[in-house]
Amino acid sequence: MSPFNFRPDQLAHEMGEYGRKLGKGVHNLMNAGEIDEGVTPRTEVYKEDKLTLYRYEAPNSVVQNRVPLLIVYALVNRPYMTDIQEDRSTIRNLLDHGQDVYLIDWGYPDEADHALTMDDYINGYIDRCVDVIRKRHKLDKINILGICQGGSFSLCYTSMHQDKVQNLVTMVTPVDFKTPDNMLSAWVQNIDVDLLVDTLGNIPGEMLNWTFLSLKPFSLTGQKYLSMVDVLQDEGKLKNFLRMEKWIFDSPDQAGETFRQFIKDFYQHNGFLEGGVRIGERALDLKNISCPVLNVFAEQDHLVPPDASRALKGRTGSRDYTELSFPGGHIGIYVSGKAQAQVTPAISSWLDERS
Amino acid sequence: MSETPFWNDDWMRVQQQYWEQWGEMSRKAMGMEQPARTPWENAMEHWWQAISPATDKATRGFMEKMMNQGKMFFRLGDELSKNMQNTKDWGDALNKTFEKMQDSFAAAAEQSSEVGEKGFSQLMGFWEGPMEAWRKAAGQLPMSSDFAGTPKLFEQLLGTPGLGYTREDEESYKELAQAWLHYQHALMSYNHFFADVGTASLRCMQGKIGELVKDGGKIESGRALYDTWVAACEEVYAEHTMTPEYSKVHGELVNALMAFKKKWRELQDNRLGMLGLPTTREVRTLQTRLQESRRELRALRSEMELLKDQVAELRTPQASEAPPAKPKAVTKKVAKKKVARKKAAAKQ
């Protein structure tokens, strides 16, 4: 029995449908208008070099947690992923659940920033942002939520500035960089990072994009555009697709020296597990983290496999460690409806119980 | 059917005509020469050429991506349908479809050894993806396009006479040429790796369809066929790219390109230096020193802030809490100590 149940005339019909959707969709595509970057109103509270610290406007009707929450995003891609559209905004959802949300936008480093080190980012930029917030709220400690690479930075920061952190939330954060299913890690093991950085200075966003798209090249560079044809006629869905598309390709360059240390110390030498990492003049030790820790990861994460995040368990000095596993992917954990219903409220109530 | 400025039913009629013609063709004897592109693709191309000038750059980019993928899955369905017309054995039809594709992979591997990068671009669209992405990424990096595909310049460099003052230059150019050759070898290995993986993905596709038959399932559309193909490719790709062999091939590709670029940049720097212009090396040194100074300045500033705060803290409680007599006592003690020190110094 043949497994193919389509005749030439059916294929013709399918082609016709495809062509018609495409033809009608051009109009919507051309009239999609400006694609916004983030939807929740916010105010700039601090600026330094390319960095901007924002505070998001909370709804008046909600009672706010007295301890503000600082979101530390990765240096890869842009942080508006967390606020991508009104009904899929992690930030808006956190605000609605009573969190007072701040976010660091790293901006777009250029060649003049190539000498910025992890020390500059962690003990410099992050620390000054934390101090600004502490001062504004007259508090000794604040809450921190680190995302992906920003989660690794937050772990480093908390281990060196525990006196300034009330609670730490890590989301899709790599801790064990050498789990067997970590494709990115496998790929960088034979790369001469010194040569790469010495040659390029900053690491171009385009190169990072290539790496991420190469993780699933057929789905991410081909199949998804067929799916796009299916949503072309729905203006709302099309706009959502375009927002995501913009975000994916909105990839800032990475400061060369920071990239050098991050890849060498963490991806190649697995520094959180193996030790021996120094950030500036300080030695990194996760055991210095004594505040409550909530570790959130995604079960179908192809960038940061769940085991890479789970490795945090037992490695900090905290007596209050909680894990939250989400049945979705690395991006879905921010933008899916399920994540809005499950993850953000859970983070918020965890923080409320401890602030 | 409603019409938009970008769509009308005439286009549908063109497609209808195509399928009528195709049906006619399929009834004729085997062995007829097939057009390189299907009439459906031609119709699509004509339509797109007519409207694309009216579209903006972003729209054009998206449309081209969607059209390319559309062509891909219809070509797959088209080829299979044709083969299904000639046999009742689905396995045979599938094999014939993939044999044609396998020929493309083999040809690509052969070509890649001859012309390097260009060989892969002629590979059937699908497995071109990872390589195309690499080409784009590499092209975005500074300087790569200056050298890519310029054998003439390459020959000129190797032919540079090595006499007198140019001896050092010649050495540098030879090193550059060697770096370029090394990159070409690395690229070839990378291409070969993917050509092999492409073949494996065809086997995986056949396996998936075989499983479907066992379970009594069916592929009901061209799109479902395409999706199965994508799933097979992703599965095989993931399997192969997690191996130490791929890690090595990938690492060598990146390292070889970087070594070439670094050498190229050094040569550029030498030329700039001779002209008295700032070089990349110098600018980087300045940037590093500047960042060090900024770091020190920041540290001093925060230390200053800390000291200011401490001074302010010290002043506030002393003014309100300390009894007035105590400072005098301290002053006296200090005065006594000073006198004692003076006496001791006088004795010495």
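At what angle do helix α8 of chain A and helix α10 of chain B pack, and how far apart are their axes?

Reply: Some ground rules to begin with. This is a predicted model, where local features need pLDDT of at least 70 and side-chain atom pairs count only at pLDDT 80 or more, while totals for chains, interfaces and linings use all residues. Residues are numbered from 1 along each chain as its sequence is written, and chains are lettered from A and ligands numbered from 1 in the order in which they are written.

Now your helix pair. Helix α8 (residues 217-231) of chain A packs against helix α10 (residues 222-241) of chain B at an angle of about 155°, and their axes are 9 Å apart. The axes are lines fitted to C-alpha atoms, for helices over the stretch in contact, with angles running from 0 to 180 degrees between N-to-C directions. Helices here are DSSP runs (H or I, at least four residues), as are strands (E, at least two), and both are numbered from the N terminus. α8(A) and α10(B) therefore come out roughly antiparallel to each other.

Who does the touching? From α8(A) you get Pro217(A), Phe218(A), Ser219(A) and Gln223(A), and they meet Val230(B), Cys233(B), Glu234(B) and Tyr237(B) of α10(B). Being in contact means that the C-beta atoms of two residues, placed from the backbone, lie within 7 Å. By class, the contact of α8(A) with α10(B) has 5 nonpolar, 2 polar and 1 charged residues. The classes go like this: Ala, Val, Leu, Ile, Met, Phe, Trp, Tyr, Cys and Pro are nonpolar, Asp, Glu, Lys and Arg are charged, and the others, Gly among them, are polar.

Chain A has two helix pairs of its own to set beside that one. Helix α6 (residues 193-200) and helix α10 (residues 256-268) of chain A have axes that come within 10 Å and cross at roughly 170°. That makes α6(A) roughly antiparallel to α10(A). Val193(A), Asp194(A), Val197(A) and Leu200(A) on the α6(A) side meet Gly256(A), Phe259(A), Arg260(A), Ile263(A) and Lys264(A) in α10(A). The residues of that contact divide into 5 nonpolar, 1 polar and 3 charged.

Next up are helix α3 (residues 118-137) and helix α4 (residues 149-160) of chain A, whose axes come within 10 Å and cross at roughly 80°. That puts α3(A) roughly perpendicular to α4(A). Here Tyr121(A), Ile122(A), Asn123(A) and Ile126(A) of α3(A) meet Phe153(A), Cys156(A), Tyr157(A) and Met160(A) of α4(A). The contact of α3(A) with α4(A) has 7 nonpolar, 1 polar and no charged residues.

In the loop between α3 and β5 (142-147) of chain A you'll find Lys138(A). Its phi is near 50°, a positive value in a residue other than glycine. With 6 C-beta neighbours inside 10 Å, Lys138(A) counts as exposed. For burial, the count is of other C-beta atoms, placed from the backbone, within 10 Å of a residue's own: 20 or more is buried, 12 or fewer exposed, and in between partly exposed. Asn77(A) also has a positive phi for a residue other than glycine, near 55°. Asn77(A) sits in the loop between β3 (69-72) and α2 (90-96) of chain A, yet it is buried, with 21 other C-beta atoms within 10 Å.

Zooming out, chain A holds 14 helices and 10 strands. The radius of gyration of chain A (taken over C-alpha atoms) is 22 Å, close to the 20 Å that the globule rule gives for 355 residues, so it is as compact as a globular protein of that length. That rule is 2.2 Å times the number of residues to the power 0.38. Of the 355 residues of chain A, 52% count as buried. The C-alpha trace of chain A spans about 70 × 55 × 45 Å along its principal axes.

Terms used: Parallel < 35°, antiparallel > 145°, perpendicular 65-115°, else oblique.
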